[in-house]
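Colleague: I am new to this structure and would like a close look at one part of it. Please take me through it step by step.

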Amino acid sequence: MGYRAWGIGWPPQTRNPSPERNMIGIIGLPSRSLLERFRGEDIVDLDCPLQGALFDDVVESRCPKIFCAVLTTCFTNAMIVKPDVILADVGPGKCEGARYLCAILHDLLPSAKIIAEENLDSVPRASSNCECYAVPLRERMERIVDKVIRPELPDFPRSSSSPKAGFWGVPPSDFAILEGFPNETIILGWSRCMDSRTPADLKLEMEAPPNIPVVFFAQSFCQKSILARTLAEKHQGLFVECDEKVDNSTIQKIEAFLKLRGAL
Amino acid sequence: MILGDFGTSYTKLCNNGDMRTVPTVELDAGVQADIGCGHNARGRARRIENELVAMATGAKAMVGRDDFVCVDVGGRDIKKVSFKNGQYAGCDWNYMCGSLTGFTMELLSRYYQLTYDEIEPSEEGLSVKCGILGISSLFDLVSQGEDLPRAVAKFVKGVAIDVFHFAGKPQTLFLSGGMCENALFVRSIPAEVVKLGRFVNLEGLRTLIE
């Protein structure tokens, strides 16, 4: 079984819905072989905010105020869920921040087995959720994230038409940022790498089609923001960053950009 | 046909070509626009247009150049649109950090009973990353014995430099919004400033419905 907080409705106070199975928490996108070893266990994606669980005293005392919202979420979720095992992608497929977080969790959760490995998988999946233009962008992004822990979920079929716009970046901390895009939006950047199961493929991550308006998104305080900003400059796109929750000005900026570039 | 730009501090209205500005707190409860934009447009306009789209459309109609940058300094935010070769090239909206600068300048002039037209611009600027932090620096300066108009001029210079950088340091900056009427602010911007006035968004709304 796989759990993502807002999709499955798993309340965090019930730490382990299936006591006979181990609770596995994942950070980033662990390698195929690592995930396969733990299929059949209860897997929870620690990158996604849990329902109602946004605060932990230990996280509050150790996490700087100015820090990546995704890693803060991973930290908070790990402290609340206290998984039996944590599988983390660290290094080129995720970030060094995940490596540091694993070192911290190793001390704070001594009973958890923490497997922190670099995911260097380089064979892409044949299917993709990035280019289905009949399904809203948010729904496709949720599918990409959900498929990591629930691989049985079907992919949305690739459309034969051309995209009108692009969204580049990681799955955002607040998926509301994806709602103003037209359905005909291609998913690019690390989300595309995540979808293809090749998270360390920097060449794929940096691809952006010419002649369509692309929003280059980065989580605030993430190292990928330099990539997002540079690519936005190169492709005449719009660079936006967002911390925990997307604000109205960012939503309006994206809407104006897409309207003025003819995508809406 | 009533067009409305419902800003935080001021509302700009166009009623069949008749333009007027009303402090938003004094706006009659019954005012309803056919098309509107701005932070307070919700519930005030039958059709709401994106504020940046209205600004870009209005600026393009008013400027008459292929390449330009237009910045609107509002009560609580700063917006930018740019055009290159006659085509839309980009936009930005500084809403959280750097906010409250226009509001703070108005607040300062009331608090100290100063008229900005009578103050000479400063060469040196305070760091005004947001209105609250900037005003703290200003108070520190005053408590250290700085002449009051000089201190305020440094605050305004700080805002002007931030706006100039936000605009991408253009040689010519097209300025819209209420700050066009603040002579000290306009003179503190280190660029040629072309004032478009308060009604750029209304011009945009008019162009959009036409």
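Predicted model: local features only at pLDDT ≥ 70, side-chain atom pairs only at ≥ 80, totals over all residues.

At what angle do the axes of helix α10 of chain A and helix α1 of chain B cross?

Modeller: In it, the two axes cross at roughly 45° and come within 8 Å.

Look at the residues next. From α10(A), the contact takes Q252(A), K253(A), A256(A), K259(A) and L260(A). From α1(B), E51(B), L52(B), V53(B) and A56(B) take part. Sorted by class, this helix contact holds 5 nonpolar, 1 polar and 3 charged residues.

Now widen the view to the contact between the chains. Chain B contributes 13 residues and chain A contributes 11 residues. On the side of chain B that touches chain A, α1 and β8 each supply at least two residues. Strand β8(B) gives the most to that side, with 5 residues. By class, that side of chain B has 9 nonpolar, 1 polar and 3 charged residues.

Where does β8(B) sit? It belongs to an open sheet of 5 strands in chain B, in the order β8-β7-β6-β9-β10. The pairing in this sheet is mixed. Strands β8 (87-94) and β10 (192-197) of chain B stand at the edges. Each has a single partner strand, so one side of each is left without a neighbour in the sheet. Neighbouring strands here are turned by 20° against each other on average, direction ignored. Further into the order, β6 (residues 68-73) and β7 (residues 78-84) of chain B run antiparallel and are joined by 6 bridges. There, V73(B) stands opposite I78(B) in β7(B).

Go back to α1(B), which has another helix packed against it. Helices α1(B) and α6(B) meet at an angle of about 90°, with their axes 7 Å apart. That makes α1(B) roughly perpendicular to α6(B). On α1(B), the residues in this contact are E51(B), A54(B), M55(B), A56(B), T57(B), G58(B), A59(B), A61(B) and M62(B). On α6(B), they are V200(B), N201(B), E203(B), G204(B), L205(B), T207(B) and L208(B). The classes here are 9 nonpolar, 5 polar and 2 charged residues. Notice E51(B) and A56(B): they are listed in the contact with α6(B), and they are also listed in the contact with α10(A).

Now cross to chain A. The domain assignment gives domain 1 (2-117) and domain 2 (137-260). The centres of these two domains of chain A, taken over C-alpha atoms, are separated by 23 Å. In their contact, 22 residues of domain 1 meet 18 residues of domain 2. On the domain 1 side, β1 (2-3), β3 (42-45) and α4 (69-81) of chain A each supply at least two residues. Helix α4(A) gives the most to that side, with 3 residues. The residues of that side divide into 12 nonpolar, 5 polar and 5 charged.

Last, the confidence values. The predictor gives the complex an ipTM of 0.78 and a pTM of 0.84. Chain B averages a pLDDT of 91, and 97% of its residues score at least 70. Chain A has a mean pLDDT of 90, with 91% of its residues at 70 or more. One stretch of chain A deserves a note: over residues 4-14, pLDDT stays under 50. For that stretch the model has 24 contacts beyond four places in sequence.

Note on methods. Residues numbered from 1 in each chain as written. Chains lettered and ligands numbered in written order. Axes fitted to C-alpha atoms, helices over the stretch in contact; angles between N-to-C directions. Helix = DSSP H or I, 4+ residues; strand = E, 2+ residues; numbered from the N terminus. Contact = placed C-beta atoms within 7 Å. Nonpolar A, V, L, I, M, F, W, Y, C, P; charged D, E, K, R; others polar. Pairing = 2+ DSSP bridges. Domains from an automatic or database assignment. pLDDT = per-residue confidence, 0-100. Parallel < 35°, antiparallel > 145°, perpendicular 65-115°, else oblique.
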